[in-house]
Amino acid sequence: METAYEVVDAALAEPAPAEPAPAYEQAPPAAGPAAPEPVDWVAMDPYAFEEAVAALCRRDGCRDVEVVGGAGDLGADVTATTPDGRRLVVQCKRYTDGNKVGSQDLQRFGGTCYAVHQAGAAVVVTTSTFTEPALEYAGRCGIVCLDLAGLTAWSEDGAPLPWHTGAAVLPVEG
């Protein structure tokens, strides 16, 4: 049995040289969430475009997401229930850059999105842009408009969710 003096003497003695730490390879940095792949919205056919917009709605927490576009859709291409319980109605306009979504397009959608589809949130997305009269109409009717830049920002998590904007027309800075 060691005495208290021996324990103290041992503690005060010169420490033995430390053994070198074993060499370890540095671990690669932890991978964070992968950045979303850029989407080529313009290259999609109309059905794929509607499906991709529906996938964004699902990704962002919507329930009961359905692609209902086609003949007789009465302006609704995608319907869903937003995370806060509102009925979402989306019109998808896959247009070329030179073909803007006009006021008549918005008027047709505005005439059905609330009265026929009982929208709590109405959104028009396009691969193009909107005319000024279309944006003015949308603003008066509470329809959110997403042009190609806004759609791209939404898909890359760089924009507020269309049903959370609180504004009728999303200003997109580009």
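First, the ground rules. This is a predicted model, where local features need pLDDT of at least 70, side-chain atom pairs count only at pLDDT 80 or more, and totals for chains, interfaces and linings use all residues. Residues are numbered from 1 along each chain as its sequence is written, and side-chain values use heavy atoms, with hydrogens and water left out. Helices (H or I, at least four residues) and strands (E, at least two) are DSSP runs, numbered from the N terminus. Two strands pair if DSSP finds at least two bridges between them.

Now the sheet. Five strands make an open sheet, in the order β1-β2-β3-β4-β5, with mixed pairing. Which strands stand at the edges? They are β1 (63-67) and β5 (143-146). Each has a single partner strand, so one side of each is left without a neighbour in the sheet. From one strand to the next, the twist averages 15°.

Let's walk across. β1 and β2 run antiparallel, joined by three bridges. Here V67 stands opposite V78 in β2. Next, β2 (residues 78-81) pairs with β3 in the antiparallel sense, over four bridges. V78 has V90 as its bridge partner in β3, and T79 has V89. Five residues lie between the strands of this hairpin, and G85 takes a positive phi near 95° there.

β3 and β4 (residues 121-126) pair in the parallel sense, over six bridges. β4 and β5 also run parallel, with four bridges between them. There, the bridge partner of V125 is L146 in β5.

How covered is all this? Buried means under 20% relative accessible area; exposed means over 50%, and partly exposed is in between (1.4 Å probe, protein chains only). In β3 (residues 87-93), six of the seven residues are buried. β2 is covered on both faces: V78 and A80 are buried on one side, T79 and T81 on the other.

On to the helices. In α3 (residues 103-113), the buried residues are S103, D105, L106, F109, G110, T112 and C113. What covers them includes β3, β4, α4 (132-141) and β5.

Last, a pair of helices. Axes are lines fitted to C-alpha atoms, for helices over the stretch in contact, and angles run from 0 to 180 degrees between N-to-C directions. The axes of α2 (residues 46-59) and α5 (residues 148-155) come within 11 Å and cross at roughly 45°. That makes α2 oblique to α5. On this scale, angles under 35 degrees are roughly parallel, over 145 roughly antiparallel, 65 to 115 roughly perpendicular, and the rest oblique.

Who makes the contact (heavy atoms within 4.5 Å)? From α2 come F49, V53, L56, C57 and R59; from α5 come L151, W154 and S155. By class, that is six nonpolar, one polar and one charged residues. Nonpolar here covers Ala, Val, Leu, Ile, Met, Phe, Trp, Tyr, Cys and Pro; charged covers Asp, Glu, Lys and Arg; the others, Gly among them, are polar.

How values were computed: Contact means heavy atoms within 4.5 Å.
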